Amino acid sequence: MKKNDGEFSVPTRQSYVAIIMILFKTINIVFRQLIPVLVVILLGGSEKFDYILWVISVIALLSMIYAIVNFFRTYFYIQDDELVMHTGVFSHKKTIIPLERIQAVNFEQNIVYQIFDVLKLNIDTAGTEKNEFQFQAIDALKAKRLREIIMAGKKVSNGIALNTLEENQPDNSEYKEILSLGFTDLLKIGLTENHIRSGGLIFVFFLWIYQNLQEAGLDVDEYSEEIPEWEWGINAVVLIVFVFLLISILISLGRTVIKYFDLQFLRFDNGFKIVSGIFTKKEVSAQDHKIQFISWSDNLLRKIIGYKNLKLHQTTASKANKSQLIQIPGCKAHHIQDVVDTIFDNKDINEIEVERVSFFYFKRFAMIWAILMIIGNSVLLWFELYNQIWVLTGLIIMMIIGRFLSYRKIAYGHDGQLLVLKSGIFGDKNTVLPLYKVQTVKIYETPFLRKKSLCALILRTASGQITIPYLPSESGRNLGDFILYKIESTHRKWM
Amino acid sequence: MKFSNEQIKSLQLPSMDVIEYEKPDITYRKVLMYSFLIFAFVLLVGYFVVGYFAEKLLNLPILMIVMLTWSILTGLAIIFTVKSYDNLGYALRDKDILSKSGVFFKSIVIVPFNRVQHSEIEQGPIERLFGLAELTLFTAGGNDETISGLSFDKAQMLKNYITNKVAADEEE
């Protein structure tokens, strides 16, 4: 194994420019937090202006001290093929990352950095959402040398060439099309979106604007008073609901067309790829080994036309985890089957036996919300808000019915290799997770669950977690034990 | 490569329930208590600072009520802290580490060694005063698990043990 010839084997600090960078960053953060306070104090009479100046000076001084201490407390070195970093102002923190675990060393440089010829350095390790480590400023030469050494270390310990670490994607000719969406498909997808949700979003949006206008001193109600008294009859309500629904549908339609325009779902040698977009073509690819689990779902409307929304949950080394989710709307059952066959070696998912969760999943929820409903209605009754009582009661009853439907769907099972979780309210959702992809297992109990000897089993993966709620304590533990056995007895890499 | 896939009866599997948990260092209870007390006092000081600007807050009846509530809540929180210490525990196994916590909402988290990306020892100011440290194990996807209240040596030992396990797993 290559030794690092002493380079970076002695503790190395950041460039002195880092002090300025840290100082700037801290002051920036502190002041952004303080702006509302300052505005309030300044507007509310400036008698105590002196004190504010004092406070500002103290903050500035403290930030400076912080920056300097931070600079002297941050250093790194390479030892036995591990990158060791010491950080922390108020607390000591020692981070050790084996070189081979480092996925990428990223540089960032804006104008200020360019002037001083320094780089901001981010060190990414596999699958974590946030960066594991960041150096504010390192001399450009040093930083580049560090990257070389880290990458060389990787190369040696992995025994593979560097460029294979990058996604080496095949030529266009090697892509096989699984599915492409035409304009009619997009129309159908847009029309069958969850309109209740988009409607709700619009409602919240308008409410937010309304409140902001009011806070800004605009009397919105004043204008509405000029309108002659409305007859709030059934007609008006129906009209409003209709207009609302229409707007929701139009918005979902627009969003769908923009997002999924000309979508192609392709298969290459060892992965999937989607290409889509109207203004800018967006490409996302996922190699098979990076896919942690998959799920597909539909809703009441899509069920009728047989469309499902397929999601491939993959892990990435990049920061922008969310944009790496592969989502394909408008999949038919046979497309899903295709994907499942490809990833999971022709397993028949439907043959996996599933068990339902405890009835308390529904009962407990219903009880709690029924009690809240009684309390809420009593309060409303006290203030003689009779109309609101109907709204509240309606909403809560809808929620309870929704929970009941969800209870009827939710079921889990495994065949020793794959875990299947079925859920959904009006539609159906299926999640399929290879057991060995699980990262950590968690058993969770509330006092109520414990009393009924139930628990929740939470399986965390590199791409989000899967929760099985309200299952018998013993089954949960057994399943957990089994999954651990699966993880610990295979050497198959999770990515 | 020959592939075998024998059936495993679930009864033969090691169970997470028959584990004896090790408790964190007893001084960690003090750390928990002091940390909370500091937090509570900062809150109180903050109240007086605000009171300096809005003098109504320092009127006697309001001040009495606030102080009373503050004492009761702090007292309850201290009891809760002691309780929460009693429910902390960790256990090492050959291939994974278990960590349990929670007074009312209890949880057990099991981290297999062959999923650990890297680990970190951290010492807060109060912990340093008592020579304690916490060990955080990072796995992919931002799932990290922290084992608190270890003596610094113990944390170092655990970390070495886990690092060796991770390395051994890699070599196989």
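A residue counts as buried here if 20 or more other C-beta atoms lie within 10 Å of its own, with C-beta atoms placed from the backbone. Keep that cut-off in mind as we walk through this predicted model.

**Stop 1: chain A as a whole.** You will find 14 helices and 21 strands. Of the 495 residues of chain A, 26% are buried. Among the chain A contacts with a separation of 6 or more, 56% join residues 24 or more positions apart.

**Stop 2: strand 19 of chain A.** Now select residues 438-445 of chain A, which form strand 19. Is this strand mostly covered or mostly open? Seven of the eight residues of strand 19 of chain A are buried, so the strand is mostly covered by the cut-off of 20 or more C-beta atoms within 10 Å.

**Stop 3: the neighbours of strand 19.** Next bring in strand 3 of chain B, residues 106-112. Strand 3 of chain B also runs antiparallel to strand 19 of chain A, with five bridges between them.

To see both pairings at one residue, click on A:Tyr444. Its bridge partner in strand 20 of chain A is A:Ala456, while in strand 3 of chain B its partner is B:Ser107. Then try A:Ile443, which has B:Ile108 as its bridge partner in strand 3 of chain B.

**Stop 4: where the chains meet.** Widen the view to both chains. Here 36 residues of chain B are in contact with 41 residues of chain A. On the chain B side, the elements that give two or more residues are strand 3 (106-112), strand 4 (116-123), strand 5 (132-139) and strand 6 (143-151). Which of them gives the most? That is strand 3 of chain B, with seven residues. Colour this side of chain B by residue type and you get 15 nonpolar, 12 polar and nine charged residues.

**Stop 5: the two domains of chain B.** The contact between them takes nine residues from domain 1 of chain B and seven from domain 2 of chain B. On the domain 1 side, helix 1 (27-53) and helix 2 (60-86) of chain B each give two or more residues, and helix 1 has the largest share, with six. By type, this side of domain 1 divides into four nonpolar, three polar and two charged residues.

Definitions and conventions:
Residues numbered from 1 in each chain as written. Chains lettered and ligands numbered in written order. Predicted model: local features only at pLDDT ≥ 70, side-chain atom pairs only at ≥ 80, totals over all residues. Helix = DSSP H or I, 4+ residues; strand = E, 2+ residues; numbered from the N terminus. Nonpolar A, V, L, I, M, F, W, Y, C, P; charged D, E, K, R; others polar. Pairing = 2+ DSSP bridges. Buried ≥ 20, exposed ≤ 12 C-beta atoms within 10 Å, placed from the backbone.
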